[in-house]
4 protein chains.
Amino acid sequence: MTDITLEQAERVLATALADATARGLAMNVAVVDAGANLKAFARQDGAWLGSVDISIKKARTARYFDMPTGDIGSLSQPGGPLFGIEVSNDGLISFPGGLPLTIDGVIVGAIGVSGSTVEDDHAVASAGAEALALTVGASA
Amino acid sequence: MTDITLEQAERVLATALADATARGLAMNVAVVDAGANLKAFARQDGAWLGSVDISIKKARTARYFDMPTGDIGSLSQPGGPLFGIEVSNDGLISFPGGLPLTIDGVIVGAIGVSGSTVEDDHAVASAGAEALALTVGASA
Amino acid sequence: MTDITLEQAERVLATALADATARGLAMNVAVVDAGANLKAFARQDGAWLGSVDISIKKARTARYFDMPTGDIGSLSQPGGPLFGIEVSNDGLISFPGGLPLTIDGVIVGAIGVSGSTVEDDHAVASAGAEALALTVGASA
Amino acid sequence: MTDITLEQAERVLATALADATARGLAMNVAVVDAGANLKAFARQDGAWLGSVDISIKKARTARYFDMPTGDIGSLSQPGGPLFGIEVSNDGLISFPGGLPLTIDGVIVGAIGVSGSTVEDDHAVASAGAEALALTVGASA
C-alpha cells in the first residue's frame, strides 16, 4: 500500500490552512492516511468546536469510499440508493469538504475540512489536495 | 477564551425555569460553558425524560457551531447542504431550542431547552439567554 | 414510585455546593431521580472537566444499585464477586462519592459528587444527602 | 479561561516530534485546548495506529483532571481510591504520556503522546510541554 508520509500530510495541512486564512476563514483540517487513520490535524483559532469531529469524519468518509464526500451525499438523499448510509462507520459525513489525496493517481489518504459553508470547505480541501498532486481525480 | 461562571449559568437557568413555569410548561434546561462542557442543568417535575439528553445536545450543538440550533436544521434537510450532519459529535440536535450565550457579544457558552414544542423550547431558551446578555445576536 | 422533586433536588445541590465551598473545594454535583435520570447538576468554577461525567455516573450508580458507590467498589476488585462491573450501563463508577437520597427511608434518587479526593467527594455527597433526609441509611 | 493558540499548539507539537525523532522513536502526538477539544495532532511515519486514540485520550485525560495521566494511574490500581475510573468520559488513559500545558502557571490545554514505552511517551510529552512553559508544575 502506498501511504502518505507525515511530511506530505503536513504540506497538505499547511496549504489548506494558508488557503483558509487567505479567504478570511477559520477551519478545522484533518488528514488521514491510506488506512483511513488520522495522520495530521489542526484547528485554527476561533474555528467551530463541532467541526473537529466533522473534519475527521469527512476525511475518513472520503477514504472509506475513495470519492469526494459530496458524491456520497448525492446518493444518500431520501429515495436514493444509499439513503441512511451516514449512520454506518460510527458516523459518515456526506456533504462536501472531504477529498481523496492522490499521488500519480494513486490514493494515499484523504483530507477533510469543516468550518464554513460546504462550498468554502470544499475549496479549502481542494487547495490542500492540490498541494500533494498536480491532478486530483475527483471533484465534489 | 471568556467563560461563563456558575453564578451566571445559574441565573440563566433560573430565568429559563421561571419563564417555563409562567407558560405552564415543564422543561429540561441545560447550560454548557465555552468549551461545550456541561455547567448547569435542571429538569422540572413532570418534564419529559427523553429531553434530558436533547437539552444537553441542543446546548452543545449551539456552542459547537456558535449559532441557534434551528439554523443548522434549516441547512440539514434532505437536499440541503448539511444533510445528515446530526450523526456527528455523538449526536447533534438541529431543531430550535439551543442558543449561544453571549456577554458583550462574546460567546461564553450555550443554553439548550427541551420539553415542549420547538417554538416553546426556543422561547424559553431565549428568555434564559436574555438573562445574561441584553442583546442576543441570533434567533432560530 | 416516590420521586424527588426539583425543589428537593435543588436543596440537595445547593447544600452540597455550599459544603464544597466551605471546604475550599470546587466540585461537580449531580442529582438523579428515582428513575436514575438526571434531575439537577452544577459544576463550580475551576472544577475538573472530567468530573462532569463521573459525578453523573456516581449518582446513577448509587441509584442503579441503591447503595453507596464505594460499597460496589469493595466487591468489584480483582478476585471479587463483581469484578469488571464498571463496564456495564455505559460505565459505572465504583468508588465513593455517590449516595442514595432518601425521604423517610424511601429512596427517591441519588447524588454524585466528583472533584477532589474520594473522601472529600463522599463528605460533600453526604452533606447534600443530609439536606433531604435526617437519616441516610448507608455510608461509604 | 485562557486558551492555547494554534501557533502555540504547533510549537508544542513540533518540539515533541523533534524530540521523538532525536530518540529514534515514532510517535502520535495530540494537543487539546482549555476545553479539552482537539487542537493539533500528528502521527509520525511507522507509529502505532492504536496510539492515535490513546494520544488523544491522554491529552484529554490530562486536561480533564489537570494532572499528569500517570498520577491518575497511581490511584486507579486495584485497591486504589480511583479503581475503574478509566471507563468514564468515553475512556480515560491513566498511564504516563499526558501532561497539562501551562503558560505562567495557568493551564491552557494538554499534550498526549503515545507510541513507545510509557517512559518514552512521558519524556516526549515533557519536551513538548516545556516548549510552551519554562516550568511544568507536575511530573508523572
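The structure is a predicted model, in which local features need pLDDT of at least 70, side-chain atom pairs count only at pLDDT 80 or more, and totals for chains, interfaces and linings use all residues. Residues are numbered from 1 along each chain as its sequence is written, chains are lettered from A and ligands numbered from 1 in the order in which they are written, and side-chain values use heavy atoms, with hydrogens and water left out.

**Exercise 1. Describe the fold and dimensions of chain A.**

Step 1. Helices (H or I, at least four residues) and strands (E, at least two) are DSSP runs, numbered from the N terminus. Chain A contains four helices and four strands, and along the sequence they follow the pattern α-β-β-α-α-β-β-α.

Step 2. Along the principal axes, the C-alpha atoms of chain A fill a box of roughly 40 × 35 × 25 Å. The radius of gyration is taken over C-alpha atoms, and the globule rule is 2.2 Å times the number of residues to the power 0.38. For 140 residues a compact globule would have a value near 14 Å, and chain A, with 14 Å, agrees.

Step 3. Of the 140 residues of chain A, 58% count as buried. Contact means heavy atoms within 4.5 Å. Among contacts in chain A between residues at least 6 apart in sequence, 64% join residues at least 24 apart.

**Exercise 2. Classify the aromatic pairs and the accessibility of their residues.**

Step 1. Rings of Phe, Tyr and Trp (its six-membered ring) pair if their centres lie within 6.5 Å; planes under 30 degrees apart count as stacked, over 60 as edge-to-face and the rest as tilted. By this rule there are six aromatic pairs over all chains.

Step 2. The ring centres of A:Tyr64 and A:Phe65 are 6.4 Å apart and the planes stand at 80°, so this pair is edge-to-face. A:Tyr64 is partly exposed at 36% relative accessibility, and A:Phe65 is partly exposed at 32%.

Step 3. In chain C, C:Tyr64 and C:Phe65 also form an edge-to-face pair, with 6.4 Å from centre to centre and 80° between the planes. C:Tyr64 is partly exposed at 35%, and C:Phe65 is partly exposed at 31%.

Step 4. A cluster crosses between chains: ring pairs link A:Trp48, B:Tyr64 and B:Phe65.

**Exercise 3. Determine how chains B and C are related, and trace the sheet that they form.**

Step 1. Two copies of a chain are related by a rotation about an axis and a shift along it. Copies are superposed by least squares on the C-alpha atoms of residues with pLDDT of at least 70 in both.

Step 2. Chain B is superposed on chain C by a rotation of 179° with 0.2 Å of shift along the axis, at an RMSD of 0.1 Å. That is the relation of a two-fold axis. The C-alpha of chain B nearest this axis belongs to B:Phe41, 2.4 Å from it.

Step 3. Of the interface residues of chain B, 100% are also interface residues in chain C, so the copies meet through the same surface.

Step 4. Two strands pair if DSSP finds at least two bridges between them. An open sheet of eight strands has the order 3(B)-4(B)-1(B)-2(B)-2(C)-1(C)-4(C)-3(C), with antiparallel pairing. Strand 3 (98-103) of chain B and strand 3 (98-103) of chain C stand at the edges, each with a single partner strand, so one side of each has no neighbour in the sheet.

Methods: Buried means under 20% relative accessible area, exposed over 50%, partly exposed in between (1.4 Å probe, protein chains only).
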